[in-house]
Amino acid sequence: MVAIMTGMHTEAPPVRRPVRQLLAASVGNAVEWYDWYAYTFLATYIADQVFPQGAENSLVPLLSTFAVFAVGFFMRPVGGLVMGAIADRRGRRAALTVTILLMGGSSLLVGLTPTYAAAGVLAPVVLVVARLLQGLSVGGEFAASTTFLVESAGPGRRGLFSSFQYVSTTAGQLVASGVATVLVDTLSEERMNGWGWRVPFVVGAVLSLVGFWIRRGAAETRSAEQRKGPRPGLFEALRRHPRESLLICGITAGGTLAYYTWTSYLPTYAELNVGVEKSDALLAGTISLAFFGLLQPLGGLLSDRFGRRPSLLFFGVGFALLSVPLLHALRDSFAVLLLVSCAGMILLTGFTSISAAVNAEVFPPRVRAAGIGFPYSLTVALFGGTAPYVGTLLKDLGHSGLFPWYVAVLCLLSSLVYLRLPETAHGELER
């Protein structure tokens with residue numbers, strides 16, 4: 001592995017007002033992920049309005065909606081590579097500014113997507129374009145904000161700062177879930193199908209402007225030496241650091257599948273497999289997300305004290321052993337769904353609270369953002385973005401019981417990677 005910790009580091013710009021740095025990264029990131037997850041929570045309404053209805057199989061429109069969800073994920077590696085390169089060449093703040101504006105525009109496009117009844121095949125085409133733009137933005141957001149957060153951290157605080165990646169992600173997801181829950185509970189089915197599902201996306205476009213304004217005041221974390229040096233090539237990270245790129249994939253695979261299963265797909269999974277009411281599923285998801293967000297700083301602090309590897313193994317081994325029992329324990333009960341959700345969130349924190357720190361500690365600063373962005377986003381696209389589609393497809397094929405085993409096996413494979421990771425929590429980050 002390229003020298004992760006060298007005992008010395010290049011001079012970096014002093015990071016003043018760390019709270020402001022956290023706010024700049026977190027608020028913009030929350031807005032990005034609010035837009036992204038609003039699509040997931042309202043998938044069933046989008047399916048009814050944007051795709052033709054399959055008379056013989058009611059799952060066809062929903063499968064189409066989740067397929068578009070996955071398509072958005074496959075633009076994320078491109079975003080991670082391109083926006084990561086911008087962050088490495090032009091600065092972290094410049095990349096963060098581009099991603100927030102791109103997300104705002106694509107969110108507005110989702111909100112204005114015509115129905116299939118009004119525009120025919122043009123409706124799903126517009127939706128696909130919007131999701132491709134969202135994928136480009138989100139892939140770049142993770143690469144730039146991960147680097148920005150960890151480089152803003154003081155000595156011994158990288159895990160804590162890293163945790164705010166998912167604090168803000170969860171905040172955006174929580175707001176999206178909360179807005180969806182309020183709309184479902186207050187509007188009639190006819191109004192939700194007519195215009196209610198569009199509201200969160202228009203709101204997201206407005207919030208993106210707020211995130212843009214806040215990020216303009218952030219301090220650049222790229223060192224003066226990096227700014228004066230030659231600019232890295234677009235594929236330099238992949239070409240010069242192939243082992244580190246593969247390591248990011250192994251670290252991420254189980255974590256992203258478990259994350260998207262528990263935070264995005266579980267309400268739909270419970271609806272399809274055990275008949276939980278839609279409003280109950282959304283409410284349980286909202287409560288468990290709030291619990292999850294509160295756990296993140298604790299997970300980051302624990303990793304700063306005890307190390308990254310114990311946290312990752314807590315997650316990986318825990319999910320390998322408990323994914324099947326937890327998902328099989330689901331019943332047509334709000335309380336059971338909430339308990340299963342919260343149990344998974346506790347295990348998941350071992351991965352999410354330190355993901356940004358672990359990734360940043362793998363690559364040198366010259367190619368850190370692009371080095372993280374491409375392999376991470378590609379792995380998320382392959383395993384996280386397809387989780388709802390795979391789960392729904394297995395249900396459609398009559399093999400829904402295989403999905404929990406899929407989660408368990410992939411988490412076990414990632415655990416084998418965690419066992420071989422060097423401990424990086426207690427050295428200095430190369431700057």
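The count of aromatic pairs comes to 13, where rings of Phe, Tyr and Trp (its six-membered ring) pair if their centres lie within 6.5 Å, and planes under 30 degrees apart count as stacked, over 60 as edge-to-face and the rest as tilted. One of these pairs, Tyr265 with Phe403, is edge-to-face, at 5.7 Å centre to centre and 75 degrees between the planes. This pair links distant parts of the chain, 138 residues apart: Tyr265 is in helix H13 (residues 242-274) and Phe403 in helix H20 (residues 402-419). Tyr265 is buried at a relative accessible area of 1%, and Phe403 is buried at 1% relative accessibility; buried means under 20% relative accessible area (1.4 Å probe, protein chains only).

Phe403 also pairs with Tyr269, here in a tilted arrangement with 6.0 Å centre to centre and 35 degrees between the planes. Because Tyr269 lies in helix H13 and Phe403 in helix H20, the pair ties together parts that are 134 residues apart in sequence. Tyr269 counts as buried at 5% relative accessibility. Elsewhere, ring pairs link Trp262, Phe315, Phe319, Phe351 and Tyr418 into a cluster.

This is a predicted model, in which local features need pLDDT of at least 70 and side-chain atom pairs count only at pLDDT 80 or more, while totals for chains, interfaces and linings use all residues. Residues are numbered from 1 along each chain as its sequence is written, and side-chain values use heavy atoms, with hydrogens and water left out.

For the protein as a whole, the secondary structure comes to 20 helices and 0 strands, taken as DSSP runs numbered from the N terminus (helices: H or I, at least four residues; strands: E, at least two). Of its 431 residues, 58% are buried.

Conventions
Buried means under 20% relative accessible area, exposed over 50%, partly exposed in between (1.4 Å probe, protein chains only).
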